[in-house]
Amino acid sequence: MKPLKTVLVFFLLTLNMGFGQETEYSFSEDSKRHDGVPKGMVTKHVWKSTIFDGTIREYYVYVPVQYNRNEAAALMVFQDGHAYVNETGDFRVPIVFDNLIHKKEIPVTIGLFINPGHKDSELPENPFRASNRSIEYDSLNNAYVRFLIEELIPELSKTYNISTNPQMKAICGLSSGGICAFTATWERPDYFSKVMSHFGSFTNIRGGHNYEAMIRKTPKKDIKVYLQDGSNDLNNEHGNWWLANQQMASSLEYKSYDYTFVTGTGAHNGKHGGSVLPEALRWLWGDIKSK
């Protein structure tokens with residue numbers, strides 16, 4: 001048996017492997033434009049909420065060329081939508097959607113990219129600094145998912161035929177948007193059955209650190225969970241993001257959830273998550289047959 005001091009040193013080294021040096025991540029071919037792949041349409045809109053009274057926000061809608069009004073489409077909602085819809089950013093979702101839908105590797109999916117609300121008459125220059133972001137994203141309640149179900153998705157459904165099947169609805173976010181996506185699915189698994197979190201803030205900002213215990217003590221819900229984080233993520237007064245995501249993964253494993261936890265050396269940014277997004281989407285939608 002190894003001496004206790006040796007075991008502790010090994011444990012600490014294991015926890016810190018990768019710290020200080022973030023791997024350089026690169027995009028695969030599925031995150032690049034290709035000739036012959038139809039390009040979906042992205043439109044930008046502004047919304048004034050009633051559930052989050054006094055807030056204003058931008059949102060974007062992606063519609064693939066393959067969308068057919070006579071067939072209900074899948075829906076994927078993204079928090080901090082500006083970061084995911086940007087075709088030169090870390091995630092480049094419209095490009096990835098175009099490629100994967102074209103290859104029938106994910107279903108025909110409408111993307112709803114929503115920025116956090118801001119309490120002002122003018123939109124903030126940096127959507128990450130929107131005044132209502134933490135209230136909407138970090139709170140462990142049903143207010144945000146109600147905002148989706150009662151406000152924005154009905155507005156979207158006036159124009160597009162969206163499936164009512166929860167297996168055809170996914171929600172995604174980064175950082176506080178990641179825990180927001182999980183909360184939406186946790187609160188309404190009858191509406192969203194799939195969640196994708198990139199370096200999610202499962203820390204004590206507004207009580208998010210409690211999820212790892214709640215998962216263990218709550219009857220298993222019918223949801224599919226994708227987690228991504230890196231060993232160079234944040235460590236501050238709210239908690240340690242890397243450890244928090246490991247705790248989430250451990251709790252999901254304990255309750256036998258359908259989940260995956262993709263790890264790397266990434267910091268609190270989308271470089272790692274964006275580089276593996278095509279494969280992540282294949283996994284998330286792998287239980288749905290594409291036409």
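This is a predicted model: local features need pLDDT of at least 70, side-chain atom pairs count only at pLDDT 80 or more; totals for chains, interfaces and linings use all residues.
**View 1. The largest cavity and the residues that line it.** The volume of the largest cavity is about 30 Å³. Its lining is made up of Glu136, Tyr137, Ser139, Asn141, Tyr144, Val145, Cys180, Thr183 and Ala184, which by class are 5 nonpolar, 3 polar and 1 charged residues.

**View 2. The helices around the largest cavity.** Two or more lining residues are given by each of the elements α4 (133–138), α5 (143–157) and α6 (176–187). The largest share of the lining, 3 residues, is contributed by α6.

**View 3. The packing of helix α3 against helix α10.** Helix α3, spanning residues 93–102, packs with helix α10, spanning residues 277–284, at an angle of about 55°, and the two axes lie 10 Å apart. Because of this angle, α3 is oblique to α10. The crossing that α3 and α10 form is right-handed.

**View 4. The side of α3 that meets α10, residue by residue.** From α3, the residues in the contact are Val93, Val96, Phe97 and Leu100, and these meet Leu277, Pro278, Leu281 and Arg282 from α10. When the residues of this contact are divided by class, 7 are nonpolar, none is polar and 1 is charged.

Methods. Residues are numbered from 1 along each chain as its sequence is written. Side-chain values use heavy atoms; hydrogens and water are left out. Axes are lines fitted to C-alpha atoms, for helices over the stretch in contact, and angles run from 0 to 180 degrees between N-to-C directions. Helices (H or I, at least four residues) and strands (E, at least two) are DSSP runs, numbered from the N terminus. Angles under 35 degrees count as roughly parallel, over 145 as roughly antiparallel, 65 to 115 as roughly perpendicular and the rest as oblique. A crossing is left-handed if the near helix is turned anticlockwise from the far one by less than a right angle, and right-handed if clockwise. Contact means heavy atoms within 4.5 Å. Ala, Val, Leu, Ile, Met, Phe, Trp, Tyr, Cys and Pro count as nonpolar, Asp, Glu, Lys and Arg as charged, and the others, Gly among them, as polar. On a 1 Å grid over the protein atoms alone, a cavity is a set of points where a 1.4 Å probe fits but cannot get out, and a pocket is an open set with protein on both sides within 12 Å along at least five of seven lines; lining residues have an atom within 4 Å of a point. Grid points are joined across faces, edges and corners, and a volume is the space filled by probe spheres set on the points.
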